[in-house]
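Trainee: I have not worked with this structure before. Could we go through some of its features one by one?

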Amino acid sequence: MAKRAKTVLERLDWLTIFLVVVLVLIGIMAVYTSEYTSFSEPFFDMQRSHMKQLMFFGISCIIALIIFYTDSKLFFSLANLSYLLGIVLLLVTFAIGGEVKGSRSFIKMGSFTFQPGEVMKIFTALTLSRFLAAAETNFKTLKDRLKGVAIVMIPCVLIILQNETGLALVYFSFFLPMYREGLPNSIIIVGFSGVALFLSSLLVERMPLFIIITAITVLAIVFLWKQILRQRIMIVVVIGAWLVAVGVSQLFVPFVFKNVFQGYQVERIYSMLGQDVPLEFQKPGQQPGKDSDYNVRQSKIAIGSGGLFGKGIMNGTQTKYSFVPEQHTDFVFCGIGEQFGFIGSTVLVLVYLALMLRIVVIAERQRSVFSRVYAYCVAAILFFHFAINLSMTMGLAPVIGITLPMLSYGGTSLMSFIILIAIMLRLDADRHVIIR
Amino acid sequence: MKNIAENPRAWIIGLLFSIMAIVLVFRLFNLQVVDDKYKLLADDQAIYRKVIYPARGSIVDRNNNPVLYNNVAFDLMVTPSKVGKGSGMDTMVFCELLGIDSLTFKKEIDKVINKVGRQKVGVFKADISHELNARLQENMYLFSGFELVERSNRSYPKAAGALLLGYLSEVTPGMLQTERFASYRQGDYVGMSGLENVYEEELRGTRGVQYLVRDVMNRPRDSYKDGELDTAAIAGQELELYLDGDLQAYGEKLMSGKMGSAVAIDPQTGGILAMVSAPSFDPNLLTGSEKGRNFSMLSQMATKPLFNYAIQGAYMPGSTFKPITGLVGLDVGAITPAFGYPCGGGYGACGRFIRCTHAGGGHAANLKVALANSCNSYFCDVFRKVVDYSKFGGVHNGLQKWHDYMYNFGFGHPLGVDITGEKGGQIPDSNYFNGVYSKWNSCTMTIIGMGQGEIALTPLQLANSMCLIANEGYYYTPHFVKSIGKNANHPKLAKFKEKHTPMHIAHESYKAVKDGMEMVVTNGTGRVARLDGVAVCGKTGTVENYASVYGKYTKLDNHSVFVCFAPKDTPKIAIAVIVQNAGYGATWAGPVASLMMEKYLTDTVKRKPLQEKMFNANLIKKYTYVLDSMQRQKDKIRWDMKMAGKLEKERMAKVGDTILTQRMIENFYKLKNK
């Protein structure tokens with residue numbers, strides 16, 4: 001049984017690596033074709049986006065290699081420290097952060113800009129994993145559950161305060177690993193009800209909504225009457241739910257729309273719902289309508305014009321001639337949709353699905369809880385980006401600046417995803433070891 | 001893998017991922033496959049449809065010489081809505097390029113808005129110079145609301161035939177409403193008159209379309225789908241005319257300094273060899289950027305050069321009508337060729353004495369001699385004999401019969417020539433006389449027999465009637481176009497191939513009249529038209545005419561009229577010439593007709609002194625200008641009165657309303673008080 005110990009590289013999950021590399025190459029091609037104008041322009045021009053992206057990929061590969069040759073326990077032990085460092089960086093950003101497109105979430109060092117919120121995802125994932133893996137943590141207790149939520153929500157709130165709502169929303173994806181680790185089903189129900197309540201308070205007038213909520217409460221009391229007779233606490237729960245629902249719909253949502261959300265966000269949310277922004281939520285001096293959904297309209301035109309088979313590579317009229325704004329960052333999918341049509345787009349969606357399911361499989365085969373939770377965090381972040389980005393390019397979700405993993409142009413985004421996945425692969429290489 | 005099976009939440013998460021993927025794929029399917037709205041939107045946005053204007057068809061004369069050339073011109077077009085604020089266009093740079101100030105820029109834009117509205121394309125500056133075009137082409141992408149459109153512009157090497165060829169201009173909003181021009185766009189050029197208008201469909205060709213892909217800055221980049229959807233522009237078809245370009249130019253030169261018309265027709269085909277309307281003008285005036293100014297200049301001239309005297313002017317034919325009177329007399333049987341009238345210097349059978357230029361000497365011993373000497377008495381008598389002919393039973397029926405003859409000669413109605421604006425002249429019938437006179441008989445209108453009185457013919461009709469006599473009984477509708485795109489059997493030309501044989505007058509009758517007309521030239525009043533070796537038939541005419549000047553019925557100088565055709569038996573050309581207020585027919589109209597005939601039949605003109613005399617004569621009388629200005633004043637007063645009447649009517653209508661309301665109120669109170 002003198003079986004030679006496999007090297008780290010041999011123990012890596014090459015299927016995942018293959019899928020990631022495929023996505024990165026698709027991304028570089030999408031960036032190239034969306035900028036391509038004629039063959040006369042040299043391909044190997046470092047000034048051009050696809051070459052920069054290639055360079056970022058090279059750097060990411062080097063970082064990934066370094067990660068592969070690092071001891072897997074290091075990530076466990078550095079988790080909390082890195083989290084603290086991340087929080088400090090986020091706080092520092094408030095002081096010295098530069099402003100890019102209205103958000104103060106960047107640290108500028110010369111020509112290099114760095115977004116702590118992006119890297120903080122990795123640190124939060126590690127810390128959450130370490131917390132859930134800790135022997136003293138009992139995730140069945142409310143206290144520990146709140147602790148878990150706090151780990152996630154602290155960076156989230158900080159980032160919201162930096163005006164990067166899109167990035168902040170990504171942190172909600174950490175509820176997925178927490179759910180896997182035992183967050184009760186009722187959380188899901190409450191979550192969905194919350195979303196339903198949120199949407200209905202935007203779409204339905206206040207007074208009718210109040211009546212509807214009250215009617216549902218009365219019905220609930222009628223149906224649950226016997227149970228209420230047995231457990232008096234039930235009536236408190238129902239009345240409490242009614243109070244919360246009324247409070248959210250009548251007070252909280254209007255308050256948030258008036259005072260927390262930016263004008264453009266309000267507009268995007270309403271434009272997604274196919275509604276005009278009501279007068280009360282309009283910011284002073286704001287032009288209603290028109291430009292707010294320009295991106296989405298152009299993006300839908302680009303994707304929609306692709307048809308079943310697409311216009312063929314380099315033949316995308318909409319992306320090639322820059323009709324879609326931000327077409328190699330957030331809206332990179334437009335180029336794919338236009339050039340490769342429904343078939344190509346579906347293949348891309350399936351590649352993402354394969355990658356995410358593969359990560360779930362990887363997560364479930366871990367011996368250590370730390371590795372499992374971390375893998376779920378990776379899957380959840382990927383899923384959130386994938387779902388929201390594609391939904392927004394297709395007009396199903398409001399436009400919040402969320403990149404398409406591995407495809408969107410941009411060094412920080414690409415590197416953070418590669419690092420995220422590389423760490424997961426490193427942990428997976430040691431899946432038979434208990435890491436703590 | 002066993003862990004997965006153990007923990008249902010892993011499955012739920014996997015399921016969540018899959019459901020999201022399915023939702024997205026479903027959405028993609030909806031966007032890309034089901035809904036083609038986006039494809040159309042994309043095309044609309046990114047594909048620039050460039051209209052390629054074809055070269056307009058050329059026009060050549062019977063000798064295959066071009067009567068006009070096509071020049072390429074560029075129009076600067078603008079869509080006002082794309083120019084205003086927020087277009088990002090640098091107006092200053094644009095104005096500098098064009099060499100205008102921003103005030104002019106705004107004015108021109110406003111002009112376009114007034115003309116076509118904000119959303120449509122209008123002409124900002126027509127016919128820009130080549131140099132400016134080159135400069136603009138380079139920078140066009142900077143000015144997104146503007147585009148340069150290629151047009152073909154005409155130029156006329158012989159500077160002749162302005163009215164018959166017609167001119168090109170931008171299609172007017174009114175024309176766009178009509179079915180004929182429904183497919184035109186604002187700013188397109190269209191034939192406004194003459195042949196350009198009548199053969200617009202053939203001349204304009206088919207517009208081509210080139211699809212270009214444009215970027216977000218509106219710059220056309222590449223051809224779309226390698227040009228597989230493009231359609232090439234098909235050039236317009238060539239018109240070949242019967243017109244003799246040289247003869248036309250020569251005729252215009254002969255008629256210079258005169259008012260009137262000269263029409264030459266090939267009797268065997270009905271093809272118009274020349275159609276001079278004097279005063280004529282250089283057709284090059286109505287092309288290019290000065291077009292508008294020249295047009296208003298021409299339209300204000302007292303001599304009315306834009307009026308086509310050949311088809312719109314109606315004249316009493318005078319003595320040139322006598323061959324026709326004679327023919328009708330012969331055909332109905334009222335006279336024979338041997339019939340003679342004892343003219344003693346005038347016709348007095350109707351009380352009023354109608355003077356004849358000759359007295360005695362048997363100058364009207366028979367039809368031939370009477371024609372040669374142009375005896376007034378003879379033809380007044382013949383006319384009366386026709387309408388009073390016992391066979392018809394009364395002058396009413398007789399006049400109606402005569403009217404039918406006139407119709408068959410092509411008088412009293414437009415012939416259907418293939419240029420615009422033809423008028424029909426006037427031939428009175430018994431209704432007309434019933435309306436004017438309470439009681440009338442053949443004496444009332446006896447001078448019609450000698451071409452005076454209530455009849456009016458266009459020069460074209462006169463020339464056509466000569467064709468009918470020359471051909472002894474038939475004519476083809478006079479027309480210009482011989483073939484369209486080398487196809488002589490083009491459906492549009494079918495009606496000109498039809499041989500009209502409206503009457504069956506005996507050969508002998510024609511022979512008698514033709515002999516008489518020949519004698520006019522050999523030893524009658526029209527000896528000026530004699531050509532060596534050619535049997536020319538002709539007839540002079542000197543037409544009395546009057547005008548009302550300051551309420552007074554004033555006699556003006558006689559119109560000089562001449563008709564002729566030659567050779568007598570195999571006619572090749574028939575000409576009718578009218579020179580207004582010039583005097584005797586043989587003095588002015590005769591030489592013009594004869595010189596044109598000589599030019600056409602022999603290619604050279606030997607009678608140089610006569611030609612010089614014609615070239616240099618200025619016969620436009622001073623009172624022409626007075627009459628014109630009086631007419632314009634009259635028109636203005638009439639217009640003002642009409643407008644005043646309209647205003648008065650509107651005012652009355654309002655007052656009427658008030659009265660009506662008052663009455664209603666009164667009635668209301670009456671009822672209430674009851």
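Trainee: Is the crossing of H4(A) and H5(A) left-handed or right-handed?

Mentor: Keep in mind that this is a predicted model. Helix H4 covers residues 72-96 of chain A and helix H5 covers residues 116-133 of chain A, with their axes 8 Å apart. The crossing of these helices, H4(A) and H5(A), is left-handed.

Trainee: At what angle do helix H4 and helix H5 of chain A pack?

Mentor: Residues of H4(A), including Phe75(A), Tyr83(A) and Leu90(A), meet residues of H5(A), among them Met120(A), Phe123(A) and Arg130(A). The angle at which H4 and H5 of chain A pack is about 145°.

Trainee: How many nonpolar residues has the contact of H4(A) with H5(A)?

Mentor: Sorted by class, the contact of H4(A) with H5(A) has one charged residue and eight polar ones. Leu89(A) in H4(A) and Val119(A) in H5(A) are among the residues that meet. The number of nonpolar residues in this contact is 11.

Trainee: Where in chain A does pLDDT stay under 50?

Mentor: Chain A has a mean pLDDT of 82, and 87% of its residues reach 70 or more. The stretch under 50 has eight contacts beyond four places in sequence in the model. That stretch of chain A is residues 288-292.

Trainee: Is the peptide bond from Ala278(B) to Pro279(B) cis or trans?

Mentor: Most peptide bonds are trans. Pro279(B) sits in the loop between strand S12 (271-278) and helix H12 (291-300) of chain B. With omega near 0°, the bond from Ala278(B) to Pro279(B) is cis.

Trainee: What is omega for the bond that joins Ala566(B) and Pro567(B)?

Mentor: Pro567(B) lies in the loop between strand S19 (552-566) and strand S20 (573-579) of chain B. The bond joining Ala566(B) and Pro567(B) is cis, and its omega is about -15°.

Trainee: Why does Ser374(B) count as buried?

Mentor: Ser374(B) is in the loop between helix H15 (367-373) and helix H16 (376-387) of chain B, and has a positive phi of about 55° although it is not a glycine. A residue counts as buried if 20 or more other C-beta atoms lie within 10 Å of its own. Ser374(B) is buried because its C-beta neighbours inside 10 Å number 29.

Trainee: Is Asn581(B) buried or exposed?

Mentor: Asn581(B) is placed in the loop between S20 and helix H22 (589-602) of chain B. Its phi is near 50°, a positive value in a residue other than glycine. Because 21 other C-beta atoms lie within 10 Å, Asn581(B) is buried.

Note on methods: Residues are numbered from 1 along each chain as its sequence is written. Chains are lettered from A and ligands numbered from 1 in the order in which they are written. This is a predicted model: local features need pLDDT of at least 70, side-chain atom pairs count only at pLDDT 80 or more; totals for chains, interfaces and linings use all residues. Axes are lines fitted to C-alpha atoms, for helices over the stretch in contact, and angles run from 0 to 180 degrees between N-to-C directions. Helices (H or I, at least four residues) and strands (E, at least two) are DSSP runs, numbered from the N terminus. A crossing is left-handed if the near helix is turned anticlockwise from the far one by less than a right angle, and right-handed if clockwise. Two residues are in contact if their C-beta atoms, placed from the backbone, lie within 7 Å. Ala, Val, Leu, Ile, Met, Phe, Trp, Tyr, Cys and Pro count as nonpolar, Asp, Glu, Lys and Arg as charged, and the others, Gly among them, as polar. pLDDT is the predictor's confidence in each residue, from 0 to 100. A residue is buried if 20 or more other C-beta atoms lie within 10 Å of its own, exposed if 12 or fewer, and partly exposed in between; C-beta atoms are placed from the backbone.
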